[in-house]
Amino acid sequence: MLLLLAALPALFWDGPADTAPALRDAGIHHILVPPARLAAWQNLPGIQVEAADPRGAVKLLPPAVDYRVAEATATRAPWLAVNGWRFLRRPDGRFYYETAGNQAAVAAAEAFCYGANAMIRTDASGLKPLATMLEFLSSVAGDESPAVADIGYIDDGSSPSGEVMNMLVRDNLLFRLVTAPDPSLKVNVKLGSKEYPKRDVANPAMVAHEVRANLTDEKRSVRIYGSAVVVARLTAAGDRARLHLINYDGASRKVQGIRVRVLGQYPKHHLSLADGAGVELLDYSVEPGATEFTLPELKTYAVIDLSR
């Protein structure tokens, strides 16, 4: 149980110990508290407690979607507040979210699918959504397959480089960090090179577009059709793969009719939805070199296990 809890995001709660009944009623059974409050929380029934200090953690953006058109770009695509690139840049880091309401559930899903060590602070309205998501995550935990990457990205640690990584995550261009070009990957990206000159770095969206053009859509391991607010992450080992789908607008609305294409032939599948019942994958098709299907609706988070 302790190993499982360590693999999941956790609620950071700085309220007094007399709020324990409210946490139990919401379904919260494990919390992180400030060290000064640890003694007061210990030995309370039904809740496991650990001390944690968010001051040493990387503060993250609450997962969200801004539908306003960005003035600095020509695109009308919504702006997603995603944190995947931060997890990839600091795989051993500690992270901290401040959320409200249903944002807490999306934050937990995001941290989980990247295997991040994250604590989530939320308000009273976020306790039940977070507890429900944590229960779901515990039911699908255990997959430690490596992440699939099409792109090798040489990160110089700068803010512009981070913004490019941010765009790659938002555009579902799967990458991993490398220190030198990796010939086993389909594309390698180094800012300041001939292919990606420094003059383009000021426009991260342009760089992401150039990366996509060099990779080509046919060689992308995952493609999402029908939504600009769903971000994918793919892991695979042997004859099995796991696809994570996060709806970054999941705090407020569902996404309907998402078409997905995954490279590889996977005749078998199993869908797990964080919040949905009776939903099945539709129009499931295994073609030479790729598998396609439609997810009829996505509220917050889906895990799709694929196998041969």
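1. Start with Ser227: at 18% relative accessibility this residue counts as buried (buried is under 20% relative accessible area, exposed over 50%, partly exposed in between, with a 1.4 Å probe and protein chains only). Ser227 sits in the loop between strand 12 (222–225) and strand 13 (230–237). Helices (H or I, at least four residues) and strands (E, at least two) are DSSP runs, numbered from the N terminus. The Ser227 side chain also reaches the backbone nitrogen of Val229 at 3.1 Å.

2. A word on what you're looking at: this is a predicted model, where local features need pLDDT of at least 70 and side-chain atom pairs count only at pLDDT 80 or more, while totals for chains, interfaces and linings use all residues. Residues are numbered from 1 along each chain as its sequence is written, and side-chain values use heavy atoms, with hydrogens and water left out.

3. Now the pairings. Strand 12 joins strand 15 (residues 255–263) in the antiparallel sense over four bridges, and Val222 has Val262 of strand 15 as its bridge partner. Strand 15 also pairs with strand 18 (residues 290–298), again antiparallel, over eight bridges. There, Leu263 stands opposite Ala290 in strand 18.

4. What about the inside? The largest nonpolar core has 90 residues, and Leu243, Leu245 and Tyr301 have the most contacts inside it. Such a core is a set of buried Ala, Val, Leu, Ile, Met, Phe, Trp, Tyr and Cys residues joined through side-chain atoms within 4.5 Å. Helix 5 (residues 103–113) supplies the largest share of this core, nine residues. A second, separate core has seven residues, among them Leu32 and Tyr96.

5. Helix 5 has a helical partner too: its axis and that of helix 6 (residues 124–140) come within 7 Å and cross at roughly 25°. Axes are lines fitted to C-alpha atoms, for helices over the stretch in contact, and angles run from 0 to 180 degrees between N-to-C directions. Helix 5 and helix 6 are therefore roughly parallel to each other (angles under 35 degrees count as roughly parallel).

Definitions and conventions: Polar contact = N/O pair within 3.5 Å; in protein donor to acceptor, adjacent residues only side chain to side chain. Pairing = 2+ DSSP bridges. Parallel < 35°, antiparallel > 145°, perpendicular 65-115°, else oblique.
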